[in-house]
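Please look over the sequence and the structure shown here.

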Amino acid sequence: MKLSREKWEKNFSEWLDWVLKEAEIYDYGRYPVKGMGVWMPYGFKIRQNMLELIRKLLDSTGHEEVLFPLLIPEDLLKRESEHIRGFENEVYWVTKGGSEDLDVKLALRPTSETSITFMESLWIKSYKQLPKKYYQVVSVFRYETKATRPLIRLREVTSFKEAHTLHETYEDAAKQVEEAIGIYKKFFDELGIPYMLSKRPDWDKFAGAEYTIAFDTIMPDSRVLQIGTVHHLGQHFTKAFDFKIQRKDGSLDYPHQTSYGISDRVVAVLIAINGDDHGPIIHPSIAPIKVVIIPIPAKDEQIAQKVINYAREIAELLKSHDITVIIDDDMETTPGEKFYIWELKGVPLRIEIGPREMNNNTVFIKRRDTLEGKSVPKEKVVEEVRNLLDIMKKDLRERAYQFMRERIRYTEDLNEAKKILDEKAGVVEVPWCGENSCGLRLEEVTNARVLGIPLDENKDISNSKCIVCKKPAMSMLRLAKTY
Ligand SMILES: Nc1ncnc2c1ncn2[C@@H]1O[C@H](COS(=O)(=O)NC(=O)[C@@H](N)CS)[C@@H](O)[C@H]1O
Ligand SMILES: [Zn+2]
């Protein structure tokens, strides 16, 4: 059975606002600072489970978690010229302490390359200490001037996981970029989040990077959201900090760096990616509640109490097998109202228990994604719940990938590219000569953003012509309407 996705697709931003508030995930728009919201308990748990997953992946690949100060002195932040040029319009400054003016302006970190490189230059002297792979999970602050949106475009990015690595050579750092891409692939795959991998064009790489590789996904409104980025920073920051190490051959040289980050956006995608008009479907990997048990009351008091006792038995059984479950035995609400709220919270499985289930020693299990249900004998409930959660993981991922694939189109006709992006958004792939001028021209003509060169597919374009200048195409180029 397919639930309607009318609202979800046609009015996605209203749908997201409605879900975040009604499901008590994240309260946005009422806290009296623009671009800053409040994680409420249920949402906080989803966020914690998501961060636990990325921490596991980083800790198991030699990364060490650290914590750097929030405030970065002006001269440090401005040390790398490209970096500050890219961020200067987005930096929040602290200029007073109490009633005193500070003699040095302090930035609220927009990201931490400068503070981390500065400290590394005091800690690291030799290639023997390399590679170093640090990460931190912090708030970063960016005075975003484009429309702020809950989780998607914040001014306080509260779940910013930034990794910063240090290497002897350019090649070592390039290998680290590949490792980081692998880690993010595992992370998004485990969460069932579909992604495209593109190398950003030179004019849109991270400020202070050699190159940027980005993970993008297509949201329900068919606009593209950048959900993670990996940057090769070369020696940009180590040169700016005059930070040299002794190399294997005894010479002194600036080490090479990478950095890679994800943010609250991952939670926004998790909530949105498999939603329908009843609400989100929280992926079983990070759902705080895997199963909600809803007792169906009987008229007779006696029987109603027995049903609740039987439901509690089932709950204990699931809990004893480490399945997070809750019983909604609130006598004030009807089963229908309970179905509504728990579908809105996106709990993957629901177990309905009435007098019939109690008498037959069965339970009735319903999937949140298809709302299909089936009766299961009590002794099979643990096995069946585990089995259904695994099936849902697979189905949710496939359904999300199908949604994304349908919105990637290829064309060699500039007008058609413009038409597609205007009418359907999504992603358009076109043959490109590799000249930046043609890429920038494309953005102008289509009023869309170049995502970059695809790294996850190689369509044969050997005899295609650049969609702008008709010279032989060197590669494909992706364009999209983005957040
Ligand atoms: N204002 C924002 N609100 C929510 N998420 C954001 C915001 N700005 C960036 N992000 C997310 O954070 C990720 C990393 O940000 S970034 O600028 O691309 N890269 C860095 O800051 C590098 N220092 C790597 S951590 C982006 O890919 C994007 O998914
Ligand atoms: Zn061209």
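In what order do the 5 strands of the open sheet lie? The order is β16-β15-β17-β18-β19, with mixed pairing. From one strand to the next the twist averages 25 degrees. Strands (E, at least two residues) and helices (H or I, at least four) are DSSP runs numbered from the N terminus, and two strands pair if DSSP finds at least two bridges between them.

The model is predicted: local features need pLDDT of at least 70, side-chain atom pairs count only at pLDDT 80 or more, and totals for chains, interfaces and linings use all residues. Residues are numbered from 1 along each chain as its sequence is written, and side-chain values use heavy atoms, with hydrogens and water left out.

Strand β18 (residues 362-367) pairs with β19 in the antiparallel sense over 5 bridges. Ile 365 has Lys 374 in β19 as its bridge partner. Helix α10 (residues 301-319) packs on the sheet and touches β15 (291-295), β16, β17 (349-353) and β18; contact means heavy atoms within 4.5 Å. The direction of α10 makes about 170 degrees with that of β15, where axes are lines fitted to C-alpha atoms, for helices over the stretch in contact, and angles run from 0 to 180 degrees between N-to-C directions.

In the largest nonpolar core, of 79 residues, Phe 187 and Phe 188 touch the most other members. Such a core is a set of buried Ala, Val, Leu, Ile, Met, Phe, Trp, Tyr and Cys residues joined through side-chain atoms within 4.5 Å, buried being under 20% relative accessible area with a 1.4 Å probe, protein chains only. Helix α3 (residues 41-59) gives the most to this core, 8 residues.

How values were computed:
Chains are lettered from A and ligands numbered from 1 in the order in which they are written. Buried means under 20% relative accessible area, exposed over 50%, partly exposed in between (1.4 Å probe, protein chains only).
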